[in-house]
Amino acid sequence: GKYYPGGQLGNYTSHGVDAGEGYTVNIPWEVAANEKSPPGDAEMLYAFDRVFLPIAREFSPDLVLVSAGFDAAPGDPLGGCRVSPSGFYRITKQLMGLAE
């Protein structure tokens, strides 16, 4: 299938390179097979709650920087997902609680 993010570095088996080895977590979404029902708020928030946040909390960052791309927004030709403004807001609110 077609997964986003694509390519070798976007695969779930890629965990970073060189000094960044072990610091990358990818959650690829199958977007081509799900054109009628691409991943949206529910799927993204579930993965965020179950995969990303536990790892981030264990890491316990002092600072969180966000690369605010909107590839997961509806209509973006690259991502093929459908995360709404409300979904982005909920993810942002969760990120705000990571660093104290």
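Trainee: What's the relative accessible area of phenylalanine 52 here?
Mentor: It's 31%, so phenylalanine 52 is partly exposed (buried is under 20%, exposed over 50%, partly exposed in between, with a 1.4 Å probe and protein chains only). Keep in mind that this is a predicted model, where local features need pLDDT of at least 70, side-chain atom pairs need 80 or more, and totals for chains, interfaces and linings use all residues. Residues are numbered from 1 along each chain as its sequence is written, and side-chain values use heavy atoms, without hydrogens or water.

Trainee: And phenylalanine 48, buried or exposed?
Mentor: Phenylalanine 48 counts as buried, because its relative accessibility is 11%.

Trainee: New topic: how many aromatic pairs are there in the whole structure?
Mentor: The search turns up 2 (Phe, Tyr or six-membered Trp rings with centres within 6.5 Å; planes under 30 degrees apart are stacked, over 60 edge-to-face, the rest tilted). One of them joins phenylalanine 48 and phenylalanine 52: the ring centres are 4.9 Å apart and the planes sit at 35 degrees, so that pair is tilted.

Trainee: How many residues apart are phenylalanine 48 and phenylalanine 52 in helix 1?
Mentor: They're 4 residues apart, so about one helical turn separates phenylalanine 48 from phenylalanine 52 (helices are DSSP runs of H or I, at least four residues, numbered from the N terminus).

Trainee: What about phenylalanine 70 and phenylalanine 88, what's the angle between their planes?
Mentor: That one is 70 degrees, with ring centres 4.9 Å apart, so phenylalanine 70 and phenylalanine 88 form an edge-to-face pair.

Trainee: Where do phenylalanine 70 and phenylalanine 88 lie?
Mentor: Phenylalanine 70 is in the loop between helix 1 and helix 2, while phenylalanine 88 belongs to helix 2, so the pair ties together parts 18 residues apart in sequence.

Trainee: What's the relative accessibility of phenylalanine 70?
Mentor: It's 49%, so phenylalanine 70 counts as partly exposed.

Note on methods:
Helices (H or I, at least four residues) and strands (E, at least two) are DSSP runs, numbered from the N terminus.
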